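Subject: Structure for your review

Dear colleague,

Please find below the structure that I am handing over to you. My notes on it follow directly after.

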Amino acid sequence: MKFQVEEQGGTTRVVVSGEITEETDFAPILDAKGRTILVDLGGVSRINSCGVREWLNFVTALEARGRQLILERCAPVIVTQLNTIYNFAGDGHVRSVLGPYYCARCDREDNQLIEVAKTRSVPESIKCSSCGGQMEFEEVHDHYLGFRDGGS
Amino acid sequence: MRGANVTVISENRHVVRSVTRALVSGGARVHTCSFGAHEVRREITEQRDLILVDADHDAFEVSNAVNELASLARDRKVLVLCRELSGTIADLILDGDLDHVVAKHGGVAVARDIIDETELIVTCEKLISGDIFGLERYLSLRELDIREHVLDHAGKRQDVIERFDSFLEAIDCYKGLRAVILTVADELLMNAIFSAPRDDRGQPKYDHRERSDRFPLEPNETVTFRFGCDGRNVVMSVADRFGSLDREMLLEYLGAGLRQEKGKVAMKSSSAGLGLHLVINSITQLVFNVEVGKKTEVIASFFVRNGIRGFRASGQSLNLFIES
């Protein structure tokens, strides 16, 4: 896993990419200066059960230090965890997620940004930016934002 | 399966037709029965090798039929056909004796549920013959290239996952599905390397170790990882020589996933539970072949024809073949 850290006033923005596994060490992020930690999870390709534990330890440690956690651009693999693992985001706030779409005309997979607060339900289809055809939402439509209903 | 007598309890003509076509092709004689208590009890008195129950019917009658079979005919093997691995079916597995569920793959056809004939025949054959091990039978074509890697070192897990990923890339597997499949492989390999091995006293040998630890495995601790694809499903197996899983332990690990509850995470690294919680939500079919104290083979298959959407809609099957 790789991450880039940027300090922006009272906020620390962390861009995470790659795999979250037993090798992942979130400790450097805990030393960030900002009171608010904004984590961009759009580049996460995979997370295994050890990675889930590392993540939860990180979330717990942030809370213990009085930091506020905001998650944005959560990749589909992270949304799966938000919907599967109890308290995955702790007391943090999920600002946005990436929804997976597929265009059958040009056989293209793409992720579309979904602002959680502004979206009542995920669009079933969007226009393909490559061929102009219809891209269909790939995940289970009714469940994708299920984490909003509590427990995460 | 040749000559075996199989009963299908169903009120659905389409299901009876699908099962009959598959099993008669496999050499079995197929009998039909409705859900009435009288009919089910009469069926129990007949000489049958296997009874299939179509669960997409009134939940109360389905539970009654499965429980009746379990209490009045304990030696009778039962296989349930269903659309969803949850609700009544989860209760029958977790609170009852049900071990075998084959999914109706709604994602494959819009108009009617489809029971995958290969999967049905293979599961029935295994139940009737007791010959449970082997990945090949879950692939619908012969002469396929099945890759095999034997891990003799805990540190080789990442290498074989990368090789598996190269295979998935080579068959042009949808990107979203690749992450799902690789995570299942990772979890099953971790369980086989760290949770399965037992010491001379029968106690877990490596379960306390960090999953990032790299150490050589003894010759009897090697883990065999195999995988292949028949165009429809990617199938993998992970085998160890310990057989340390039993039904109670498996159901404890799979329970939250089957009941569609969120997993609560134990903060120690030494638990197979969270891994299997992630696995049960990420498969088309999950098969545990266990010869207790001797060998475990876990087989996972993934419907890969139609991307994540087809995969999610393809239903989920679970089989616990556990031999003491």
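Which residues of H6(B) meet which residues of H7(B)? The model is a predicted one, and in it Arg157(B), Val160(B), Ile161(B), Phe164(B), Asp165(B), Leu168(B) and Glu169(B) of H6(B) meet Arg178(B), Ile181(B), Leu182(B), Ala185(B), Asp186(B), Leu189(B), Met190(B) and Ile193(B) of H7(B). By class, this contact has ten nonpolar, no polar and five charged residues.

As to geometry, helix H6 (residues 157-170) of chain B packs against helix H7 (residues 175-195) of chain B at an angle of about 150°, and their axes are 10 Å apart. The angle makes H6(B) roughly antiparallel to H7(B). Their crossing is right-handed.

From H8(B), the contact is made by Leu250(B), Tyr253(B), Leu254(B), Ala256(B), Gly257(B) and Leu258(B); from H9(B), Gly273(B), Leu276(B), His277(B) and Ile280(B) take part. The residues of this contact divide into seven nonpolar, three polar and no charged.

Turning to salt bridges, a search of the whole structure finds 32 of them over all chains. One joins the side chains of Glu117(B) and Arg21(B), at 3.0 Å from N to O. This pair links distant parts of the chain, 96 residues apart: Glu117(B) belongs to helix H5 (residues 117-129) of chain B, and Arg21(B) to helix H1 (residues 13-25) of chain B. Side chains of opposite charge can pair when their charged atoms come close.

I turn next to the sheets of chain A. An open sheet of five strands has the order E1-E2-E3-E4-E5, with mixed pairing. Its edge strands are E1 (2-8) and E5 (93-94), each of which pairs on one side only. Within this sheet, strand E3 (residues 36-47) of chain A and strand E4 (residues 68-72) of chain A pair in the parallel sense over five bridges. Val39(A) stands opposite Leu71(A) in E4(A). Helix H3 (residues 76-84) of chain A packs on the sheet, where it touches strand E2 (11-20), E3 and E5 of chain A. The direction of H3(A) makes about 105° with that of E3(A).

Another open sheet of chain A is formed by four strands in the order E7-E6-E9-E8, and its pairing is antiparallel. E7 and strand E8 (125-127) of chain A stand at the edges with a single partner strand each, so one side of each is left without a neighbour in the sheet. The twist averages 40° from one strand to the next.

Strand E6 (residues 96-103) of chain A pairs with strand E7 (residues 108-115) of chain A in the antiparallel sense over eight bridges. The bridge partner of Val97(A) in E7(A) is Ile114(A). In the hairpin of E6(A) and E7(A), four residues lie between the strands, and Asp107(A) takes a positive phi near 55°. E8(A) and strand E9 (residues 134-137) of chain A run antiparallel and are joined by three bridges. There, the bridge partner of Lys127(A) in E9(A) is Gln134(A).

Yours sincerely

Technical notes. Residues are numbered from 1 along each chain as its sequence is written. Chains are lettered from A and ligands numbered from 1 in the order in which they are written. This is a predicted model: local features need pLDDT of at least 70, side-chain atom pairs count only at pLDDT 80 or more; totals for chains, interfaces and linings use all residues. Side-chain values use heavy atoms; hydrogens and water are left out. Two strands pair if DSSP finds at least two bridges between them. Helices (H or I, at least four residues) and strands (E, at least two) are DSSP runs, numbered from the N terminus. Contact means heavy atoms within 4.5 Å. Axes are lines fitted to C-alpha atoms, for helices over the stretch in contact, and angles run from 0 to 180 degrees between N-to-C directions. Angles under 35 degrees count as roughly parallel, over 145 as roughly antiparallel, 65 to 115 as roughly perpendicular and the rest as oblique. A crossing is left-handed if the near helix is turned anticlockwise from the far one by less than a right angle, and right-handed if clockwise. Ala, Val, Leu, Ile, Met, Phe, Trp, Tyr, Cys and Pro count as nonpolar, Asp, Glu, Lys and Arg as charged, and the others, Gly among them, as polar. A salt bridge is a side-chain nitrogen of Lys or Arg within 4 Å of a carboxyl oxygen of Asp or Glu.
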